[in-house]
Amino acid sequence: MTTDALKREIVYDDRIVRAFIVASVAFAVVAMSVGVLLAVQLVFWQANFSTSWMAFGRLRPLHTNAAIFAFVGNMMFAGIYYSTQRLIKARMGSDGLSWVHFWTWQLAIVGAAVSLPLGLTQAKEYAELIWPLDILIAVSWVAFSVNFFWALAKRNEKNLYVSLWFYIATIVTIPVLFIVNNLQLPTSFVHSYPIYAGVQDALVQWWYGHNAVGFFLTTPILGIMYYFIPKACGRPVYSYRLSVVHFWALIFLYIWAGPHHLLFTALPDWAQSTGMLFSLILLAPSWGGMLNGLLTLRGAWDKLKTDPVLKFFVVALTFYGMSTFEGPLLSIKSVNSLAHYTDWIIGHVHGGTLGWNGFMAAGMFYWLVPRLFGTKLWSTQLADAHFWTGTFGILLYVVAMWISGINQGLYWRALDAEGFLLYPDFVEWLVSARFLYLMRMIGGTVYLLGFLAMAFNLIMTARAGKPVVSADRVVVRTGFAGPSTWELIRGWPVVLSLLVVVGTVLFGIASPLTQGAVAGFLASLVVAAILAIGLGKDNWHRLLEGRPLAFTILTVVAILIGGLAELIPSVIIRHEVPLTPQAAEAKATTPDSSAALIASGTTDGAGNAGGTGTPGGAPGSVEKAAAHAVVSAFTQQPYSPLELTGRDIYVREGCFNCHTQMIRPMRHETLRYGEYSRAEEFIYDHPFQWGSRRIGPDLHRTGGKYPSLWHYIHMRDPRATSPGSTMPSYRFLTDAAVDFDAISRKMEALRRLGVPYSESDIRTAAQTARSQALLLATDLAEQEIEIKTESELLAVIAYLQRLGRGPQPTALESAAALEGGN
């Protein structure tokens with residue numbers, strides 16, 4: 001080993017740490033304040049203030065992005081910058097890159113705070129930001145990554161401590177997730193369409209969404225946990241071996257679990273089952289990490305009485321354990337059928353974010369700030385008060401959402417003795433949940449008050465001291481002996497681990513007769529891999545820790561296996577059901593506007609009531625099959641120009657935050673909403689709008705269910721049609737004007753993505769949209785409603801009337817049909 005034995009003083013860059021802490025605390029207050037406002041809006045709809053930029057659908061993504069990327073993100077960077085320098089005994093690679101990272105990240109957050117209330121969104125959960133902000137985030141992450149690996153390259157400690165493993169996993173995985181999910185085709189500086197559609201878009205989104213939780217809210221915070229808990233309690237990590245198993249099992253398994261967000265949807269069943277299986281297995285490494293953290297406190301539990309830092313850390317780990325138990329539980333199909341789309345999921349998410357991330361952040365801040373400013377914490381009593389108010393607030397919030405969610409699921413699926421809906425009115429549940437929503441509002445407010453107390457305490461602590469310059473005298477090293485990167489990668493542990501993966505796949509596809517033999521082979525491979533890795537002081541893994549490049553490469557391989565295995569089969573397949581000759585003929589000869597009526601049995605295609613297959617007008621099996629073929633044909637047609645415009649407005653207003661467009665194949669759902677949703681119905685949906693919760697009913701079959709007048713009244717005054725609704729008023733859409741000239745540009749972009757718009761469709765888009773708007777305006781005028789044809793509200797009505805139906809005729813097409821009839 002080449003060593004420069006001369007000791008040198010290394011001065012750590014703590015200015016960047018202080019900056020990230022300030023940003024994190026400030027944005028925490030903002031994120032939680034917006035969250036409290038949203039909770040108020042669900043109890044008192046008037047809190048939407050009848051303005052577009054204060055509406056629930058626009059503010060909800062602001063709340064989630066501020067909580068995840070502004071609050072937790074800045075906290076994560078503060079912890080990483082502080083701990084990394086001390087673990088490698090070296091300053092970060094470049095002070096300049098540190099500040100580029102800091103300011104570009106804050107600029108992206110401010111951009112989100114401005115753009116989201118303005119309705120500028122990609123409408124994908126945790127990935128709503130428009131494409132210019134995506135690029136800014138990418139630049140920020142590149143600066144962070146280069147800075148981090150540059151620091152590792154000049155480290156003065158040979159082996160990487162466990163915290164650094166989790167930081168590496170975060171740094172290399174987030175770009176993979178972010179880039180794949182944010183591949184967009186821009187139509188303007190503030191608008192774009194994802195390259196994926198329908199089922200593929202849903203899978204990619206929740207592969208990203210689930211793993212954003214895993215690799216942004218979990219792995220870096222676990223790295224922080226492995227550093228700060230031992231520091232706070234003065235004890236080493238309980239088990240090195242457990243930390244090895246925890247790390248590799250977690251990053252390999254987590255990447256597979258995303259499809260559990262899409263159970264009982266149009267996603268292929270194999271993907272759903274895979275997501276459920278890996279979610280259940282994920283419980284083991286997650287609880288291994290939780291126990292490793294809690295057992296680190298062995299011999300130091302008495303400090304909990306006086307040290308608020310340890311109180312926050314212990315409760316944070318408890319919430320981590322609770323959330324990582326609840327996640328696998330919710331992925332079980334029978335449980336998911338009850339819980340999905342309900343408030344139970346909201347309670348689960350907030351328990352993880354505010355219980356795990358929020359309390360870890362508070363504990364880290366209370367430990368760090370006094371040391372960064374060379375003083376004691378200003379008030380331990382105030383920190384204790386924060387702990388108890390925060391604990392009470394999050395428990396009240398989570399328990400209220402658990403009760404509400406279970407009640408919600410049971411309400412939806414309740415059937416009477418004849419097998420029909422016991423509670424057909426959706427709003428009835430919403431009214432009954434008002435008290436629990438009030439409890440959620442109180443719990444969130446109390447939690448916010450705790451963070452306001454923390455902010456005050458930290459400010460007073462900083463004022464009582466002054467910024468400290470931290471330094472260590474270390475032996476500066478210019479190289480480390482040991483096996484090369486290539487020798488480690490091609491070693492037996494890696495080969496055997498890959499064989500274990502192959503053996504697992506073979507076990508999954510093997511017949512029952514051969515599964516026993518495959519299981520025996522797999523078990524032997526696992527034992528051989530463990531023996532190859534070794535358990536001694538100089539085992540293979542310790543050698544790997546001395547080679548950051550090899551460690552990073554194997555981390556990338558571990559996270560890519562699951563991602564590629566799930567995404568490639570689903571993304572390359574085209575979810576389009578070819579039409580039979582009979583269906584194609586029906587499509588060619590049946591007027592567009594009658595497709596949904598035929599499907600429902602309301603008409604027989606000639607305008608006659610009922611079908612022709614059975615007495616009394618009830619459609620027979622032949623008619624039902626033909627109707628389904630016709631509906632499939634029409635729902636595979638692209639949106640008309642006005643419908644497309646209405647869909648973009650629907651996306652802009654964040655309607656997917658409250659409404660789903662995915663009817664699950666369950667009796668209570670089909671009774672309430674109509675025919676269950678099929679994959680081929682979404683092949684032109686850029687982006688997909690399946691949603692993840694129901695504060696309002698599913699809308700996938702709402703087309704033709706109500707007349708246009710009902711939609712007009714409902715959008716302007718939801719309580720007039722649905723007493724008890726908490727939906728904001730969208731009266732402002734009445735006077736907002738459609739940009740007809742922009743439609744052709746959007747259609748051209750969609751054509752490049754595979755939507756079959758012709759040159760003629762694109763060229764006449766504005767005229768076609770105006771003619772369909774004229775038809776709707778004329779219909780409303782006949783009912784004494786005056787509305788301009790350029791009103792955005794007409795576009796939304798056109799889109800809602802299209803959902804679950806074929807394309808609706810424009811005024812020109814209707815006139816032509818009348819002339820032909822005459």
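Select Tyr-341, which is buried because its relative accessibility is 1%; buried means under 20% relative accessible area, exposed over 50%, and partly exposed in between, using a 1.4 Å probe and protein chains only. Tyr-341 sits in the loop between α12 (333–339) and α13 (343–372). Helices here are DSSP runs of H or I with at least four residues, strands are runs of E with at least two, and both are numbered from the N terminus. The phi of Tyr-341 is near 75°, a positive value although the residue is not glycine. Most residues other than glycine have a negative phi, and most peptide bonds are trans.

The model is predicted, so local features need pLDDT of at least 70 and side-chain atom pairs count only at pLDDT 80 or more, while totals for chains, interfaces and linings use all residues. Residues are numbered from 1 along each chain as its sequence is written, and side-chain values use heavy atoms, with hydrogens and water left out.

Next, select Lys-89, in the loop between α2 (56–88) and α3 (95–115). Lys-89 also has a positive phi, about 55°, and is not a glycine. Is Lys-89 buried or partly exposed? Lys-89 is partly exposed, because its relative accessible area is 23%.

Move to the peptide bond from His-686 to Pro-687, which is cis, with omega near -5°. Pro-687 belongs to the loop between α26 and α27 (708–716).

Now select Met-666, in the loop between α25 (641–652) and α26 (667–673). With a relative accessible area of 12%, Met-666 is buried. Which residues does Met-666 touch, not counting residues up to four places away in sequence? They are Phe-264 and Ser-337, where contact means heavy atoms within 4.5 Å. Show Ser-337 together with Met-666: the two are 329 residues apart in sequence, yet their C-alpha atoms are 8.8 Å apart in space.

The last stop concerns cysteines. A disulfide is a covalent bond between the sulfur atoms of two cysteines. Here the rule for a disulfide is a pair of cysteine sulfur atoms within 2.5 Å, and the count by this rule is 0 disulfides. Cys-658 is buried, because its relative accessible area is 16%. Finally, select Cys-233, which is buried at 1% relative accessibility.
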